[in-house]
Amino acid sequence: MRRLIVNADDFGFTAGINRGIVEAHERGIVTSSTLMATGRAFEDAVRLAKNAPHLSVGCHIVLIDGEPVLEAKQLPSITSENSGAVRFRDGLKSFAARTVMGLLNEDEIETEAGAQIRRLQAAGLNVSHIDTHKHTHLFPGVLRPLLRAAQACGVRAVRNPFGPRKPLRSSELLRRPGLWTRYAEVRILRSLAARFRDAANRADLITPDGTLGIVVTGTLDEKLFRAIAEIIPEGTWEFVCHPGYNDQDLTSANTRLRESRETELRVLTMPQAREVLQNQGITLISYNEIIPRQTSQ
């Protein structure tokens, strides 16, 4: 059996991204999405989510390249304040280095992650799962406090950020040299996969078997989508995507993903997308469908 969750990241980042995600859900194959608690279009995303009852909505926890929910004085190891503006202090590379060196306070990460989840819950959303902006929870020093925050907030599922050993056929990689660096990075970090699985199991959080699409972030097209669909292993997997519209708000935002979001939107809503998955014997599901229903005593 092969099951696939298609999760659109960055819900709440801009109104154009919100619109693209909802279109990819209503007209395409997106089944789940993760919402940024401090995104500039948060309220718009909440409104849209409440009108999309079949869209599973999780929390896209941001610890880099963004703003926290809490004040800087509560988060001295992960934030900085400049002219009254509080932001997370790191980009991905420096964040990774400081995580490995043990310079990030896990209690601060847990407290901020919990505050972000609770902001979604306070807005009336049922938070089905969590993941992180730029997959920072693949590092054990971030994963541990995130799992504690999820438990405290009653969230029962978490993204497994590690992919299969071969996320694409070798022939497809050879034709696209632009993917080689990303592929090498993902391969190196895969050494942390077993520790992730053990930690999630100990925390009693449900997680898919892994993720697909991370290697092709920013380059996804119809051919790559078909290539990925052909090699999805047995089990339950998550396809990570970033659909949206490249509107004026996105032009001024801190992101490298601009025109590629509209390309992904076209791929995810093309009629052939659902057919490709059906022809491979793949069933589309959402995060809500992997969480066991709680029965009353």
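1. In this predicted model, α4 and α5 pack with their axes 8 Å apart and at an angle of about 40 degrees; axes are lines fitted to C-alpha atoms, for helices over the stretch in contact, and angles run from 0 to 180 degrees between N-to-C directions. The two helices, α4 and α5, are therefore oblique to each other, given that angles under 35 degrees count as roughly parallel, over 145 as roughly antiparallel, 65 to 115 as roughly perpendicular and the rest as oblique. Residues in contact (heavy atoms within 4.5 Å) include Ile109, Ala113 and Ile117 of α4 and Val142, Leu146 and Ala149 of α5. By class, the contact of α4 with α5 divides into 10 nonpolar, three polar and six charged residues; Ala, Val, Leu, Ile, Met, Phe, Trp, Tyr, Cys and Pro count as nonpolar, Asp, Glu, Lys and Arg as charged, and the others, Gly among them, as polar.

2. On numbering and confidence: residues are numbered from 1 along each chain as its sequence is written. Local features need pLDDT of at least 70 and side-chain atom pairs count only at pLDDT 80 or more, while totals for chains, interfaces and linings use all residues, and side-chain values use heavy atoms, with hydrogens and water left out.

3. The protein has 12 helices and nine strands, taken as DSSP runs numbered from the N terminus (helices H or I, at least four residues; strands E, at least two). Of its 297 residues, 57% are buried, where buried means under 20% relative accessible area, exposed over 50% and partly exposed in between (1.4 Å probe, protein chains only). Among contacts between residues at least 6 apart in sequence, 79% join residues at least 24 apart.

4. Helix α5 (residues 140–153) also packs with α8 (residues 193–202), at an angle of about 15 degrees and with the axes 10 Å apart. That makes α5 roughly parallel to α8, and their crossing is right-handed. Pro140, Leu143 and Leu147 of α5 meet Arg195, Phe196, Ala199 and Ala200 of α8. This contact of α5 with α8 has six nonpolar, no polar and one charged residues.

5. In α3 (residues 92–100), the buried residues are Phe95, Ala96, Arg98 and Thr99, and what covers them includes α5. After α3 comes glycine 102, whose phi is positive, near 75 degrees.

6. Helix α2 (residues 42–50) has Phe42, Ala45, Val46, Leu48 and Ala49 buried. Viewed down the axis of α2, these residues fall within an arc of 165 degrees, so they line one face of the helix; the arc is that of the directions from the helix axis to the C-beta atoms. Their cover includes β1 (2–11), α1 (15–26), β2 (32–35), β3 (56–61) and α4 (106–122).

7. The axes of α1 and α2 come within 9 Å and cross at roughly 15 degrees, and α1 and α2 are therefore roughly parallel to each other. The contact involves Ala15, Asn18, Arg19 and Val22 of α1 with Asp44, Ala45 and Leu48 of α2.

8. Methionine 270 lies in the loop between α11 (259–269) and α12 (271–279). Is methionine 270 buried or exposed? Methionine 270 is buried, with a relative accessible area of 12%. Leaving aside neighbours within four places in sequence, methionine 270 is in contact with Glu222 and Phe225. Methionine 270 and glycine 28 are 242 residues apart in sequence and 6.9 Å apart in space, C-alpha to C-alpha.

Notes. A crossing is left-handed if the near helix is turned anticlockwise from the far one by less than a right angle, and right-handed if clockwise.
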